[in-house]
Amino acid sequence: MPLAFDVLEEGFGAEIQGLRETDSLGPALVDELRKGLADFGVLLIRNEEITPERLVQLGNAFGELEILPEPEKRHPDHPEIFNLSNLRDDGQVVDYEEPQSVFLRGTERWHTDSSFRNIPCLCTMLYAVEVPENGGETQFANMIAALEGLPSDLREVVNQNRLVHSYVFSRANNPGRMDPMSPEEEAKYPPVTHPWVRTHADGRQSLYMGGHVSHVEGMDVNEGRELVELVLQEATRPEFIYEHRWADNDLVIWDNRSTLHRLRPYDISNTRRVMRRITVAGTEPVI
Ligand code: OGA
Ligand code: MN
């Protein structure tokens, strides 16, 4: 039976009906999922218990999985799974200022995952194990619509420029103190540049930017950052956004090629938020 995609927000985001834990992920189903991802940007499966094994299997259906920087956050049995949780190893909720909290709060900036790589990822899958009653939503912004809606002067700017993305930069700009990265880990993530406007396989174009951007290539750093800020403000207007309010056992898959996302604040040092994340690698450079 083909999958049904119920649109969440005018033309952006869709809830998938009809995918069950036991379904084998054959090529026809995977094609449908891939197409759904490109068409809707964000896919949601509600109320489905997904084991770590099944999560890895779902990810592998889309492609190879990335291993993220920050080794201590990897799932002990599945290094591809990233434990995105505000619980320490001892099960206690983090303090607001400690590095684990700072790292998580860093995702409250609009960004697209792994844009600091030469070949950035395709999509991220985030599975909710335990979520707060208030706050902790994730917002997604449609960068295809945002590019179309950009005023013509800014459209010219984005068409003519490339952005420098850097993990070391964005990590250093987290909202607080982080443990230093080892020089070996740091050396794995030199700055990269991508066009500000990304062209997709189907010919559509979108803005490609976000929190890993350090500056505009070849432009005065401050002048460039001001432009980035201006474009970001335009690109994240409410009409381009789907906000996901999580329930336990929700799975959200988002297309990092054509969307930005951010975590909304929650009471991080008092309320538990436990998520499992996997990231599917991309296969070609940004053009
Ligand atoms: C991330 C991220 C958002 C969230 O893990 O990259 O942006 O809602 N997470 O936890
Ligand atoms: Mn992210």
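Tutor: Begin with the second largest pocket, where helix H1 (27–40) and strand S9 (197–199) each supply at least two residues of the lining. Everything described here belongs to a predicted model. H1 is the element that gives the most to this lining, with four residues. The volume of the second largest pocket is about 430 Å³. Its lining is made up of 27 residues, and those closest to the centre are Leu122, His200, Ala201, Arg257 and Glu284. Sorted by class, the lining of the second largest pocket holds eleven nonpolar, six polar and ten charged residues.

Next comes the largest pocket, with a volume of about 570 Å³. It is lined by 21 residues, and Glu72, Lys73, Asn83, Asp89 and Gln100 are the closest to its centre. Strand S4 (82–85) and helix H3 (99–106) are the elements that give two or more residues to this lining.

Now the cavities. What is the count of cavities of 30 Å³ or more? The count comes to two. The space in the largest cavity is about 440 Å³, while the second largest cavity has a volume of about 50 Å³.

The lining of the largest cavity has 28 residues, and the ones nearest its centre are Phe103, Thr107, His111, Asp113 and Arg277. Four elements each supply at least two residues of that lining: S4, H3, helix H6 (167–172) and strand S14 (259–263). S4 and H3 were also named for the largest pocket, where they give two or more residues to the lining. In the largest cavity, however, the largest share comes from H6, with three residues. By class, the residues around the largest cavity divide into ten nonpolar, ten polar and eight charged.

For the second largest cavity the whole lining can be listed: Leu19, Arg20, Glu21, Ile45, Glu48, Ile50, Arg54 and Leu58. Four of these lining residues are nonpolar, none is polar and four are charged.

Take helix H8 (residues 221–235) to begin with. Its 15 residues, at 1.5 Å a residue, should span 21 Å, and the C-alpha atoms at its ends are 21 Å apart, which agrees. The buried residues in H8 are Gly224, Leu227, Val228, Val231, Leu232 and Ala235. These cover an arc of only 135° around the axis, so they sit on the same side of H8. Which exposed residues does the face of H8 turned away from its buried side carry? They are Asn222, Glu226 and Gln233. Asparagine 222 also takes part in a contact at the start of H8, where a side-chain oxygen of aspartate 220 comes to within 3.3 Å of its backbone nitrogen.

Helix H5 (residues 152–160) can be read in the same way. Leu154, Val157 and Val158 are its buried residues. Seen down the axis of H5, they fall within an arc of 90°, and therefore line one face of the helix. The face turned away from that buried side carries Ser152 and Gln160, which are exposed.

Threonine 124 belongs to strand S5 (residues 123–130). Buried or exposed, how does threonine 124 count? Its relative accessible area is 0%, so threonine 124 is buried. Between threonine 124 and aspartate 202 there are 20 Å in space, C-alpha to C-alpha, and the two are 78 residues apart in sequence.

Glutamate 9 lies in strand S1 (residues 4–9). Because its relative accessibility is 35%, glutamate 9 counts as partly exposed. In sequence, glutamate 9 and isoleucine 241 are 232 residues apart, yet their C-alpha atoms are 8.1 Å apart in space.

Note on methods:
Residues numbered from 1 in each chain as written. Chains lettered and ligands numbered in written order. Predicted model: local features only at pLDDT ≥ 70, side-chain atom pairs only at ≥ 80, totals over all residues. Heavy atoms only, no water. Expected span 1.5 Å × (residues − 1). Buried < 20%, exposed > 50% of the residue type's maximum accessible area, 1.4 Å probe, protein only. Arc of directions from axis to C-beta. Polar contact = N/O pair within 3.5 Å; in protein donor to acceptor, adjacent residues only side chain to side chain. 1 Å grid on protein atoms, 1.4 Å probe; cavity = no way out; pocket = protein on both sides within 12 Å on 5 of 7 lines; lining within 4 Å. Points joined across faces, edges and corners; volume = space filled by probe spheres on them. Nonpolar A, V, L, I, M, F, W, Y, C, P; charged D, E, K, R; others polar.
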